[in-house]
Amino acid sequence: MTTGSGTASAPPEATPPAAEPPPAARPPGTAGPPAARRGSYRRLSVEARRAELLTAALGLFAHRVPEDVSLDDVAAAAGASRPLVYRYFPGGKQQLYEAALRSAADELERCFEEPRSGPLSGRLSRVLDRYLAFVDEHDAGFSALLQSGSVVETSRTNAIVDEVRRTAAEEILLHLAVKEPGVRLRMMVRTWITAVEAASLIWLDEEKQPPVEELRDWLVDHFVALLTATATTDPQAARVIRAALVIEPAEGPVGRLARRVVPALGEASHLL
């Protein structure tokens, strides 16, 4: 392996090295990678170097669709060489993308972790704050993640995305405090997760308008409205919403929604 110009003298090894050679090990006159030329080339453990490469890849995938990112781009962003990237990811760009996607998915799943105490609307607001911050930070990468058609999309990448959706739905169902959620309640939560995804993509298309705080509150309103509609025909959902409303403050999101809805329905009294 060469750590210089980016040209390997032998096929990439299947397993990463225990540590990288210092700059002195390069042949005389061979230029090192950008970091080495600045005198900041470092000996890193396997885990640390792999994490550094993934971080560089995530930064690129966050703002460019996967097919527009090359291994040379990742190497340059990490201050490494193309052969070095291949040493850690012998499957090339596809393996690197899947590893970066797995890392992003883990971060996205953590957005839905929230202590199960306090008003439900407050918990949902905090979850959405973290989720939308992720969307904002990863914009183009988030769009590529959820919109099919990427040339690097495979059954494995699709499975990673589906896992995020399932994890999100399971976390939300835990907040509804039902041991065995029925099909309508599960369907309602999964429908809301889909709506959050769609709204996030549209928000990016609309140049991140309305302001993220308004989008968050609107999505909380959607959850409450969807749960309320489900409760009219599903006894389990009715029990959930009654228990949730007991601890909602009058000046909280649900109280504000109720005060907006009543006037809006004022002209519909003839339907009662």
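**Stop 1**

The score is pLDDT, the predictor's confidence in each residue, from 0 to 100. Helices here are DSSP runs (H or I, at least four residues), numbered from the N terminus. This is a predicted model, so to speak of local features pLDDT has to be at least 70, and side-chain atom pairs count only at pLDDT 80 or more, while totals for chains, interfaces and linings use all residues. Residues are numbered from 1 along each chain as its sequence is written, and side-chain values use heavy atoms, leaving out hydrogens and water.

Over the chain, pLDDT averages 82, and 81% of the residues score at least 70. Now select residues 1-41: pLDDT stays under 50 there, and the model has 72 contacts beyond four places in sequence for this stretch. A contact means heavy atoms within 4.5 Å.

**Stop 2: a helix crossing**

Select α2 (residues 46-63) and α3 (residues 71-78). Their axes come within 9 Å and cross at roughly 115 degrees; axes are lines fitted to C-alpha atoms, for helices over the stretch in contact, with angles from 0 to 180 degrees between N-to-C directions. Which residues make the contact? On α2, show Arg49, Glu52, Leu53, Ala56, Ala57 and Leu60; on α3, show Asp73, Val74, Ala77 and Ala78. They divide into 7 nonpolar, no polar and 3 charged. In that tally Ala, Val, Leu, Ile, Met, Phe, Trp, Tyr, Cys and Pro are nonpolar, Asp, Glu, Lys and Arg are charged, and the others, Gly among them, are polar.

**Stop 3: aromatic pairs**

Rings of Phe, Tyr and Trp (its six-membered ring) pair if their centres lie within 6.5 Å; planes under 30 degrees apart are stacked, over 60 edge-to-face, and the rest tilted. That rule gives 3 aromatic pairs.

Next, pick Trp192 and Phe223. With centres 5.0 Å apart and planes at 80 degrees, these rings are edge-to-face too. Trp192 is in helix α8 (residues 183-205) and Phe223 in helix α9 (residues 212-231), 31 residues apart. Both Trp192 and Phe223 are buried.

**Stop 4**

Move to the loop between α8 and α9, where you'll find Pro210. The peptide bond from Gln209 to Pro210 is cis, with omega near 5 degrees. Glu207 is in the loop between α8 and α9 as well; its phi is positive, about 55 degrees, although it is not a glycine. Glu207 is exposed, at 69% relative accessibility.

Now jump to Ala177, in the loop between α7 (155-175) and α8. Ala177 also has a positive phi of about 55 degrees without being a glycine, and it is exposed, at 68% relative accessible area.

Arg116 and Ala177 are 61 residues apart in sequence and 8.8 Å apart in space, C-alpha to C-alpha. Leaving aside residues up to four places away in sequence, Arg116 touches Arg123, Leu174 and His175.

Technical notes
Helices (H or I, at least four residues) and strands (E, at least two) are DSSP runs, numbered from the N terminus. Buried means under 20% relative accessible area, exposed over 50%, partly exposed in between (1.4 Å probe, protein chains only).
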